[in-house]
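Here is a short report for someone meeting this structure for the first time. Take a look at the sequence and the model before reading on.

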Amino acid sequence: MNGELFSLKGRVALITGGSRGIGRMIAAGFLAQGARVYISSRKAAACEKTAGELGGACIALPADVSTVEGARALASAYGAREPKLDILVNNAGAAWLEKFDQFPEKGWDKVVDLNLKAPFFLTQALAGALRAAATRERPAKVINIASIDGTSVNRQETYSYAASKAGLIHLTRRMALRLIEDNIVVSAIAPGAFASDMNTLARDRGAEVAARVPARRIGTDEDMAGAAIYLAPRAGDYVVGTTLVVDGGVDCAR
């Protein structure tokens, strides 16, 4: 067993939604393992600020990937800087909470476009760069960030979010079967409670949320980074189409 099992030295990653929350946790983890990391987010100032805080090997590449045109624009901007892409993390996401009878179409379209449509079309747009990096001995990686709300039912009325994350988990399997032909390994992570601007309950009432988690705590930066670091380097090369649940046991208990 060599010492490169979890190393990302010499690899380049692109993380959408990388300026905050789970995306930032993964970016920090990849940087610590030696990767060069591009982070993307819709808000340019936030993207630049996070890149500056994470250090010189982190580069901001602001973009709005909620449309196909935006995804292609990000792929083009990345391609102007790098000829190959070793790791793509499709993390950008949105949620919408509304009672069933009042749930609006815009709450459906915004969430499904970003959470489900964007990962497919961004991966498609970056397929050339991923194929350029991929070999049988060192495959390229696509990691989709799903949610345990896509594997079991959350009592909150987040209809489009639950549907989009369940869809992303199955899309991961479908994409994985096709792209492994090109030495691109597709997998996913389904996080539970992690403090973020999207999961404000875990952020603002962490102790209350932790009481409902079998592990008796919410997730940490290291928990999320560790999961992504497992999938991204040599260690995750044989993990094809699988969704890794990282939730302290919530999905089992539901």
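This is a predicted model: local features need pLDDT of at least 70, side-chain atom pairs count only at pLDDT 80 or more; totals for chains, interfaces and linings use all residues.

**Aromatic pairs**

The structure holds 4 aromatic pairs.

Start with Phe103 and Tyr159. Phe103 sits in the loop between strand 4 (87-90) and helix 4 (105-125), while Tyr159 belongs to helix 6, so their pairing ties together parts that are 56 residues apart in sequence. Phe103 has a relative accessibility of 18%. That is under 20%, so Phe103 counts as buried. Tyr159 is partly exposed, at 32% relative accessible area.

Now take Phe120 and Phe121. Phe120 is partly exposed, with a relative accessible area of 33%. Phe121 is partly exposed too, at 25%.

**Asp182**

Where is Asp182 found? Its place is the loop between helix 6 (159-179) and strand 6 (184-191). Which side chain does the side chain of Asp182 meet in a polar contact? The partner is the side chain of Arg131, at 2.9 Å. Setting aside neighbours within four places in sequence, Asp182 is in contact with Arg131 and Ala134.

Notes
Residues are numbered from 1 along each chain as its sequence is written. Side-chain values use heavy atoms; hydrogens and water are left out. Helices (H or I, at least four residues) and strands (E, at least two) are DSSP runs, numbered from the N terminus. A polar contact is a pair of N or O atoms within 3.5 Å; within protein, one must be able to donate a hydrogen and the other to accept it, and residues adjacent in sequence count only if both atoms are side-chain atoms. Contact means heavy atoms within 4.5 Å. Rings of Phe, Tyr and Trp (its six-membered ring) pair if their centres lie within 6.5 Å; planes under 30 degrees apart count as stacked, over 60 as edge-to-face and the rest as tilted. Buried means under 20% relative accessible area, exposed over 50%, partly exposed in between (1.4 Å probe, protein chains only).
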